[in-house]
Structures are given as C-alpha cells and as structure tokens.
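Visitor: I would like to learn how to read this model with some care. Could you take me through it one feature at a time?

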Amino acid sequence: MFSIVLPSPKHIKTLLSTQQTGTASRMKLRLKGFGLLLLLVLLALCSTIDVCDAARRGKHWRPRSSPSSSLLKRKGKTKKGSSHRQHGSSRPSPKQPVSPPPGPGAGKGYQTPYQPSPNAPPGPSPQPSPPKGNGHQSPKSPPPSCGKGNQPPPQPPPATSEGAVFNVVDFGANGDGVSDDTKAFQAAWVAACKQGSSTVLVPSELEFLVGPISFSGPYCKPNILFQLEGTILAPTNAKAWGSGLLQWLEFTKLNGLSIQGSGTINGRGQQWWTYSDPNDDEDDDTYNQELERMPQVKPTALRFYGSSNVVVAGITIVNSSQCHLKFDNCQGVLVHDLTISSPENSLNTDGIHLQNSKDVSIHHTNLACGDDCISIQTGCSNIYIHNVNCGPGHGISIGGLGRDNTKACVSNVTVRDVNMFRTMTGVRIKTWQGGIGLVQDVRFSNIQVSEVQTPIMIDQFYCDKRTCTNQTSAVAVSGVQYENIRGTFTIKPVHLACSDSSPCSGITLTGVQLKPVQVPHYHLNNPFCWQAFGELFTPTIPPVACLQIGKPAGNNVQSYHDIC
C-alpha cells in the first residue's frame, strides 16, 4: 500500500524561492548579452561616421569627408596663398564703381543704370528693368534651344598675382592734368613687366596727361593688374598725334592682363568730332582752327591686340575720338561693370568693337555713344553678351561684313537681356555687297526696346556711302533666332533685306511684340522682308507675313567649316 508524502508548506516556499532566483539570473544574463550586442552595433557605426569624435568634440554630426578631399584640404593649408583665398588679395582693393551720372544723352532716352554686383558671374543673372514709361515687363527667358550659339564661352582665369605694386607717382608722374606723365607710365609698366604677377597703380583723385603709349609684350611676364583709380587724359594738341594714330592706349601680346578700378579714361574727343551744335553759342573760331589742325585719322581710346585672358572691369571710358574699347585678335576676354559714354552725335564712336576675337563675355555694362554700342566684326566666334544697357547709339550690330569683296565669318553669338533706348537699330546684321563668308548660329533673346527706330534688322545691302555698286555675291546669313523682342519702335519694326543670290535661311521669330510710337518727322512703316526664309513659332505684333516659311528653293547653304 502506497503512501503519498506531501511536502510541507515550508519546503514548497523554499522550492518556489529557488526557481524565482534562477529565472532572475537568466534574465540578467539575457539583458547583458543584448547590451553587449548593442555596443557592438554602435562601435560598427562609429567606424563609418564621426559620431564618436563629434560627441567628444561637442560638434554637430556631419558625414565623414572622403580621403581625397581631406588630403586636398591638408595640402592647401601648407601652400602660401590657400586656394580658398580670393585672387589678388594682396593688391590694393579697388573702390566700388559708383553710379555714373546720366550721360550727354540725358533727357533723350537715357536711363540711370542699375547697379549690379561688380563680381557678378557671366552666367545667367537677373534681367534688367525695362526703360521707364514703356509699360512692358521684362520678358522671361525662353528655354535654351539647340545650337552652338547658346553656350557661354569659357572665362579667362582670374589674375592671382601677389607681387609688388608699382605706383606711377613713384616713377615721376605729377597727376596735375597738365604735365606730360607718359614717361612715368612707361617706366612703371617696364618695372611691372619684369616682375610679373604685379600691379601698376594709377592712384585716385589725380589726373594724368598721357600721350599715345603701347604697353606691350611678348617678353612681359604674365598676370599684370593695371589698377585704375584716377583719371587718364588724352592730349588735345595736334603735335602729340603726328600725322595720325590708330590707337591712344594700347596693350599688345599679353597674357592674363586685368584692367580694373573705379577710374576714368577720358579721350577728350571733342577736338576730333566734326560736328557743330546749332544751340552752342561758344563754337568759336579758335575751336574750329584747332579742329582743322588735328589729323584725319582718329585713335581708339583703349585697344587690346594679340592678347589672351584679358579682364576689363569697373572703369569708365568717356568721349573717345573714335572707338572707345577695341579687342583685336584676342582670346578669352571678360568685360563687366563697364561704363562708356559719349554724345549721340559724336561720329564713329563705337562703344566696344570686337574683331578676330574668340571666347568673349560682356555683361552688366552701360553703353551710350554715337555709333554701335557693340560691334562684332569678322573672325569673331563664341561671343556672349547679356545684361547690357544700350543708348543712345546704333544698337548691337554684327558687321558690316565683306567690305571691298573680302571674306567674313562670324559664328556662335548670343545677345540676351538687353535694354535699348532711342537707338537707331536694335539688333542688326549688316553686310556689304560683293563679300563672301557666313554669319551662323546667332541668338537675340529678351531684348527690351524703347523708341528704337528699327528693332530687328538684317541688311545685306549695307552701304555707308551715297552710292554703292550692285554686286552679286554676299556674306550668307543662316540660323538667326529672335526671341522675346518687345517694346516700341518709331520707323519700322522688322527689316529683313537679304541677297537674291544668297537668301537668308533659318530665321525664326518667337514672342516678338513691337508697338509703334509716333515721333515727329518719322514715318511709320510695315515690316519688310526680301528673300528671307524661316519660321514663325508664335504670332507676332505686328504680323510679319512677309517672312517666307521654309527653306529657299535650290539653295544649299554650305557649312561654316566649308566656307570659313
């Protein structure tokens, strides 16, 4: 007979206590294991990001820099002149260009220019405001279309010199506006040339009378800064010019030259301009006698020849006897925050003249003169112009090309975001009869015009004489885009006069809105076209029904490479 022995209450309590103790121990072991696993995960994370280091340093979390970037930073710190330092930091800082007073055309369509940043990049930038009283808003930029003409040219590298400063006063310049300081300027230039990566300083609040001078290479060391803060005056006596010179201040065969500052170059061209003002009671015999003694050849105020990586910024050029600023056979040119001013009746005083030059950028510039604000001649390509005020003057022109039966080639030109006020033409292409060559890949976009005589013009019958001989051959014109040309005109909205033997092809009009303004002594005309072929992408105001849609029959336009 079996007997069942039941544990006593005391024994049961002991067993339960032992079991609970074992369970608690196992829970502690599990918690310790989980904590260890969590620590391993955190250590793994610390191997890829700077959590640990950041915590120790008390900084915010940031991704770890790649080994290559860290290496570059360490290298940069060991060099004199870190790559993060702005170029030319050891040079005297130029004064900010002040807002120039209204030019001689004030009251005749001249508007006070806006003040952009002097270091604004040459890329897309805010559009300029339209002239007051126009009533039109600045047009929006259309999406870039295909073609070479829409790519900005490469920019010249900024000067990085940290060398010596050669003040022209230290070389004997008086700066009184009367004494001849030409030799002092020449001596300062020679010293800077030998040094290289240096500065020629023309100090402020002084006026320097400087005769015709050439600051030349090619043995000059590169990266020279010409810091213009004062005023340079041209001679007004005939003896200084001899039988006639083509330029006054010339820079030739240089690399990495920069001219910048808030100073002025004054050509004092009143001695050359062959006009008389009927409202001027002081036009006396003394002035006329001096004018007759001046040579017929008139000099350009500032000319660059055969140079590369040139920068002109901030300065003012006024009253040149002929062209104000010229680039000939140059590559890599940057012009910005420049002011050019001369009266609208000063003959042949182009603002900026380009010839045989490539990779040119002009922006945030105010131009008022007696001829083309910007003139683009043969041999030019990769030209990018934007955010420019033009007026008074003759507008922005390509040409005249092909004079005296010569060959002329221009390609890849973009002109956009421009204000024009009371100019003779807006955007123009002009060629002489008898020439050969090609103008190709041109884009005119976002042009605001105010009381412009003829805003859009192609003229393959250009003639600046009373009569010109009719000739068959012509410089061909192909691939020209007109986008958002808006505002008011006083004579004719569109004039497309093309050659019978070489009709214009690929002419496109988009967003053209031009309204007439009646001006005394002017007769309004309708749009005119002759042998002009292309396409209307949007309706125009007024309608340009004379543009022939499509391509000219039997006309095979040769490529730029084949012709040029």
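Guide: A contact here means heavy atoms within 4.5 Å. In this predicted model, among contacts in the protein chain between residues at least 6 apart in sequence, 77% join residues at least 24 apart.

Visitor: How many helices and strands does the protein chain have, and what share of its residues is buried?

Guide: The secondary structure of the protein chain comes to six helices and 32 strands, and of its 564 residues 48% are buried.

Visitor: How many disulfides are there?

Guide: A disulfide is taken to be a pair of cysteine sulfur atoms within 2.5 Å, and by this rule there are six disulfides. One of them joins cysteine 529 to cysteine 546, with the sulfur atoms 2.1 Å apart. Cysteine 529 lies in strand β30 and cysteine 546 in the loop between β31 and β32, so the pair ties together parts that are 17 residues apart in sequence.

Visitor: Is the disulfide of cysteine 529 and cysteine 546 right-handed or left-handed?

Guide: The torsion about its S-S bond is about 40°, so this disulfide is right-handed. By contrast, the disulfide of cysteine 498 and cysteine 504 has a torsion of about -100° and is therefore left-handed; both of these cysteines are buried.

Terms used
Residues are numbered from 1 along each chain as its sequence is written. This is a predicted model: local features need pLDDT of at least 70, side-chain atom pairs count only at pLDDT 80 or more; totals for chains, interfaces and linings use all residues. Side-chain values use heavy atoms; hydrogens and water are left out. Helices (H or I, at least four residues) and strands (E, at least two) are DSSP runs, numbered from the N terminus. Buried means under 20% relative accessible area, exposed over 50%, partly exposed in between (1.4 Å probe, protein chains only).
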